[in-house]
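Subject: Structure handover

Hello,

Here is the structure for your files. My notes come after it.

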Amino acid sequence: MQIRTRMCMSLDGYVTTPDGRPAQLADPAWDPAAFGFGELQASCDAVLMGRTTFEPAVGAPTWPWPDLDVFVLGSRRPPGTPEHVVVDAEPERLLEQVRAANRGGDVHLVGGPRTVETFRLLGALDELGLIVLPLLLEGGMQLTPSVSTGADLTFRSARALPTGALEIAYACR
């Protein structure tokens with residue numbers, strides 16, 4: 001099992017827009033399939049995320065993770081959360097639950113820089129994936145300082161996507 005994240009960011013280093021929306025939502029070419037998110041989730045047994053990322057899914061017309069186990073780092077269970085979703089405030093304990101439930105596939109770590117850094121500091125993040133979008137946001141939340149500049153990253157791969165974005169993956173040690 002590997003825990004992998006894939007975050008979109010602008011050319012000027014922002015993972016959110018100035019109003020807090022994920023950077024990819026500012027890209028007119030945004031399509032989860034064209035950016036490889038379906039491909040990533042097809043290789044995963046579970047998704048792991050923070051509460052802020054999870055909450056919009058509760059009210060979504062269709063459940064975004066129909067065939068995946070869902071684990072949420074949060075101090076409270078959001079109203080309407082399906083019973084099968086595991087919510088825990090302690091990252092170490094949540095990570096133990098993720099590992100215990102794993103059926104051999106990877107885990108997609110979905111969320112913002114603070115959530116990513118929480119699991120990286122625990123030594124749980126195996127791959128930091130970035131999709132660099134061909135746009136400038138001029139503000140918002142940056143990947144750093146939430147993800148430490150001291151993170152030990154090793155280049156793994158890069159590929160151009162048909163949308164003009166660039167996907168880059170780094171192994172985390």
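The notes below go from the overall fold to single residues.

This is a predicted model, in which local features need pLDDT of at least 70 and side-chain atom pairs count only at pLDDT 80 or more, while totals for chains, interfaces and linings use all residues. Residues are numbered from 1 along each chain as its sequence is written, and side-chain values use heavy atoms, with hydrogens and water left out.

Overall

The protein has four helices and eight strands (DSSP runs numbered from the N terminus: H or I of at least four residues for helices, E of at least two for strands). Their order along the sequence is β-α-β-α-β-β-α-β-α-β-β-β. The radius of gyration is 15 Å, close to the 16 Å from the globule rule for 173 residues, so the protein is as compact as a globular protein of that length. That radius is taken over C-alpha atoms, and the rule is 2.2 Å times the number of residues to the power 0.38. The C-alpha trace spans about 40 × 35 × 30 Å along its principal axes.

Of the 173 residues, 45% are buried (buried is under 20% relative accessible area, exposed over 50%, partly exposed in between, with a 1.4 Å probe and protein chains only). Among contacts between residues at least 6 apart in sequence, 65% join residues at least 24 apart; a contact means heavy atoms within 4.5 Å. The accessible surface is about 8500 Å², and carbon and sulfur atoms hold 53% of that (Shrake-Rupley method, 1.4 Å probe; for residues, only the protein chains shown count as cover).

Aromatic rings

There are six aromatic pairs. Rings of Phe, Tyr and Trp (its six-membered ring) pair if their centres lie within 6.5 Å; planes under 30 degrees apart are stacked, over 60 edge-to-face, and the rest tilted. Trp30 and Phe37 are an edge-to-face pair, at 5.5 Å centre to centre and 75° between the planes. Trp30 is partly exposed at 24% relative accessibility, whereas Phe37 is buried at 13%. Trp63 and Trp65 have ring centres 5.3 Å apart and planes at 85°, so this pair is edge-to-face. Here Trp63 is partly exposed, with a relative accessible area of 23%, and Trp65 is buried at 8%. Ring pairs also link Trp30, Phe35 and Phe37 into a cluster.

Leu40 sits in helix α1 (residues 37–42) and is buried, with a relative accessible area of 4%. Leaving out residues up to four places away in sequence, Leu40 touches Arg4, Arg6 and His108. Arg6 is 34 residues from Leu40 along the chain, with 8.6 Å between their C-alpha atoms.

In helix α4 (residues 113–121), the buried residues are Pro113, Thr115, Val116, Glu117, Phe119 and Arg120. Their cover includes β1 (3–10), β2 (44–50), β3 (69–73), α3 (91–101), β5 (106–110) and β6. Just after α4, Gly123 takes a positive phi of about 80°.

A loop residue

Which residue has a positive phi although it is not a glycine? Glu138 does, at about 60°. Glu138 lies in the loop between β6 (127–133) and β7 (153–160) and is exposed, at 71% relative accessibility.

Regards
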